[in-house]
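Let's take a walk through this one together. Have the viewer open and follow along.

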Amino acid sequence: MLRSPSGVIGLIILLLAISVAVFGPMLFPNSPWRMVQRPFLPPFTLATVPLGTDALGRDVFAGMIFGARVSLLVGMVSTLVALVVGVPIGAMAGYFGGRVDDALMRFTEFFQTIPSFALAIVLVAILQPSIYSIVASIAVVSWPPVARLVRGEVLSLRTREYVQAAVVTGQSNTWIILREILPNTLSPVIVLASLMVATAILLESSLAFLGLGDPNLISWGYMVGAGRTVIRQAWWITVFPGVAILISVLGLNLIGEGLNDALNPRLSREGR
Amino acid sequence: MSKRVLLGVLLACGLTAPALAQEPKTGGAINAVIQPEPPGLMLAMVQNGPVQMVSGNIFEGLLRYSPKLEPQPELAESWSVSEDAKTYTFKLRKGVTWHDGKPFTAADVLFSLDMLKQTHARARNNLAQVEKVEAPDDYTVVFTLKQPFGPFLGIFEVGSMPMVPKHLYEGTDWKTNPYNNAPVGTGPFMFKEWQKGSFIRLVKNPNYYEKGKPYLDEIYWQIIPDAAARSVAYETGKVDVLPGGSVENFDVPRLSKLKDTCVTGAGWEFFSPLAWLWLNNRQGPLADKRVRQAIMFAIDRDFAKDVIWNGLGKVATGPSASTIKYYTDDVPKYPYDPAKAKALLKEAGYKGEKIRLLPLAYGETWQRWGEAVKQNLQGVGMNIETIATDVAGGNQKIGDWDYDIAFTYLYQYGDPALGVGRNYVSSAIAKGQVFNNVEGYSNPEIDKLFADGAVATPDSKRKEIYEKAQKILVEDVPVAWMLELQFPTIMRCKVKNLITTGIGVNDGFKDAWLDK
């Protein structure tokens with residue numbers, strides 16, 4: 001991992017974003033919703049509001065810092081939930097095969113056939129926008145690829161000799177899946193997860209952009225959405241959070257790539 | 001910044017125009033935005049805002065109203081009131097024809113009243129005090145009331161009581177009548193075509209009874225679903241008139257700075273939209289009058305006016321907008337005073353209980369307003385949680401009384417008996433409805449004042465009653481009044497005399513002309 005320069009850059013960006021999310025609000029104890037200065041103050045004019053103010057006179061910089069917390073939290077938690085749902089389904093489908101596989105995969109495809117963003121919008125709209133419904137809907141639309149990936153891996157591992165040996169020695173299915181198979185599927189899942197966090201951040205931003213964010217929490221997507229309509233008068237309201245989304249998603253993608261290289265040395269050496 | 005520019009534009013266009021009155025020129029077409037696309041154009045059957053904006057050109061009422069809400073002749077050329085204020089006699093204009101050439105007579109008026117009682121909820125309420133209507137001859141209509149009803153002369157505007165052609169509707173199923181899709185009225189413009197999703201075209205009525213009017217040949221109502229696209233359509237010259245509310249507020253300063261552009265806030269005096277926060281008086285901390293007063297002190301309404309509404313509108317002083325009859329500002333005042341709000345909350349023993357805030361899902365302006373109010377209330381220590389909903393969901397929550405604070409704005413129709421009382425009298429508490437007394441305020445004294453005020457005579461007596469009611473209400477704060485809203489109409493300066501009445505763009509372009 002550390003040998004790939006892009007991975008290192010990604011890691012630095014992620015660590016930076018996490019530390020902003022964790023420690024930033026301690027440095028800026030004021031709520032990002034507070035109207036602190038006159039509205040539409042351009043950036044770099046006052047030291048107290050370095051990135052200017054939005055349509056109501058709220059500090060854009062404070063919004064970015066608090067927004068980092070929401071964006072990263074939503075990204076990570078929803079990915080975690082998607083893994084918790086997707087990995088067992090994929091593992092069972094791949095391991096047991098036959099009818100179980102059929103049933104589980106048809107169920108998965110059912111979710112895959114619906115455009116994921118449309119489904120996420122519908123879910124959030126029905127459940128009423130809140131941080132919980134957003135995490136839940138992102139998780140619901142992002143677990144199917146996990147399930148399919150894990151299933152594929154398990155299918156191939158299922159026929160390996162050491163798994164056959166475990167079956168012959170009479171180990172229970174659970175034990176085989178948990179101890180023999182899943183650990184070996186870990187590396188592609190980790191790579192996928194890092195990319196999923198990036199996708200989830202984008203999804204959350206898109207939902208908030210459309211006005212389906214948690215109305216009590218500021219997020220980057222919300223800031224872009226709220227500033228969009230005044231972009232001709234005040235570019236900074238949209239540009240700074242937009243750049244924040246761009247950089248953090250880029251960082252996560254770089255990490256994903258770096259991890260891929262590190263965990264699949266054969267692929268990276270042969271592929272490049 | 002924006003405020004000053006706007007004021008300048010208003011001064012330049014709105015105020016000096018009458019002084020340099022020119023001779024109107026005939027001809028030309030106006031392109032105006034209609035937002036959203038109306039569900040129909042038969043004003044007697046559907047009464048949404050955009051319906052009236054278009055078909056106010058096609059249909060007419062017996063009266064129009066000046067910006068000061070004085071009745072003016074339209075289909076009725078004169079009227080008289082009996083000594084006991086129970087008999088109103090209207091003399092109809094002679095020589096008025098429907099767009100298909102048939103004459104308009106008193107029989108049409110009688111038929112319209114019968115029809116509206118079944119199809120138009122507000123007309124039904126307005127006519128509740130009418131005992132009988134008679135037509136002694138073709139050009140006279142006599143209304144006899146059960147008891148004197150002060151606001152009676154205020155119910156004849158086209159949207160409240162449009163005249164319907166008897167010969168086309170009598171004996172038919174009104175809902176499926178083919179003329180609903182190609183309405184026939186007496187108005188200055190005739191319906192020509194409607195390309196759904198694109199435009200509605202009206203053409204000049206050549207036989208209009210006011211000689212020389214209308215001046216315009218055609219009106220195109222352009223249907224453009226996206227707010228930003230509507231602004232662009234104005235900038236590129238595709239449309240000449242943006243009626244109030246058709247672009248977002250923050251676009252107003254930018255658009256009004258454009259060359260040859262005039263802005264006016266006039267033309268909403270009859271409706272006088274007043275925005276307030278419903279406060280659920282039934283439960284929780286808000287049941288305490290002191291908490292409700294604290295909310296009034298905690299909210300910076302000047303900020304909302306200057307920043308969120310770009311300086312348009314007026315901070316409300318109480319239940320009546322200042323354009324409504326018998327308005328008084330001699331009531332308790334609630335300036336922005338967070339310290340006083342905190343003190344009142346403390347006195348009321350508020351302990352940080354959670355309070356739900358329901359913003360209005362009508363677009364960016366209202367969302368920003370919700371955020372600002374939440375911030376104001378949190379600033380005095382209230383624990384506010386914003387609930388996100390769409391329009392329908394919000395209406396349902398409000399109707400079911402499942403809220404603590406909720407944004408709204410309602411029309412007031414010129415008279416406290418028509419548009420104010422319904423929000424405060426206890427007889428208007430009915431679950432499931434959104435425009436009545438949903439705050440659950442109940443005060444026998446207020447009930448009596450509004451009951452007396454509607455039927456009291458003479459005017460000075462009504463004034464006394466309603467002023468007293470305003471004082472009591474403002475002291476009790478059943479709801480938190482925010483702003484008298486203004487929906488600025490943006491148009492090219494070459495469009496003259498577009499708004500001449502208190503009903504504005506909602507009652508026809510018959511006086512409008514283009515200075516080429």
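In chain A, A:Thr108, A:Phe111 and A:Gln112 of helix α3(A) meet A:Pro144, A:Ala147 and A:Arg148 of helix α5(A). By type, the residues of this contact split into three nonpolar, two polar and one charged. Keep in mind that you're looking at a predicted model.

Now zoom out to the helices themselves. Two packed helices are described by the angle between their axes and the distance between the axes. Here α3 of chain A covers residues 98–112 and α5 of chain A covers residues 131–158; their axes come within 9 Å and cross at roughly 140°. The crossing of α3(A) and α5(A) is left-handed.

Next, hop over to chain B. There you'll find an open sheet of four strands, ordered β4-β5-β7-β6, with antiparallel pairing. β4 (76–81) and β6 (130–137) of chain B each have a single partner strand and stand at the edges, so one side of each has no neighbour in the sheet. From one strand to the next, the twist averages 20°.

Stay with β6(B) for a moment. Its pairing with strand β7 of chain B (residues 140–145) is antiparallel and runs over five bridges. To pick out one bridge, look for B:Val133, whose partner in β7(B) is B:Phe143. Helix α3 of chain B (residues 106–119) lies across β5 (87–92), β6 and β7 of that chain, running at about 160° to β6(B).

Finally, see where the chains meet: 14 residues of chain A are in contact with 14 residues of chain B. On the chain A side, those residues divide into eight nonpolar, five polar and one charged.

How values were computed. Residues are numbered from 1 along each chain as its sequence is written. Chains are lettered from A and ligands numbered from 1 in the order in which they are written. This is a predicted model: local features need pLDDT of at least 70, side-chain atom pairs count only at pLDDT 80 or more; totals for chains, interfaces and linings use all residues. Axes are lines fitted to C-alpha atoms, for helices over the stretch in contact, and angles run from 0 to 180 degrees between N-to-C directions. Helices (H or I, at least four residues) and strands (E, at least two) are DSSP runs, numbered from the N terminus. A crossing is left-handed if the near helix is turned anticlockwise from the far one by less than a right angle, and right-handed if clockwise. Two residues are in contact if their C-beta atoms, placed from the backbone, lie within 7 Å. Ala, Val, Leu, Ile, Met, Phe, Trp, Tyr, Cys and Pro count as nonpolar, Asp, Glu, Lys and Arg as charged, and the others, Gly among them, as polar. Two strands pair if DSSP finds at least two bridges between them.
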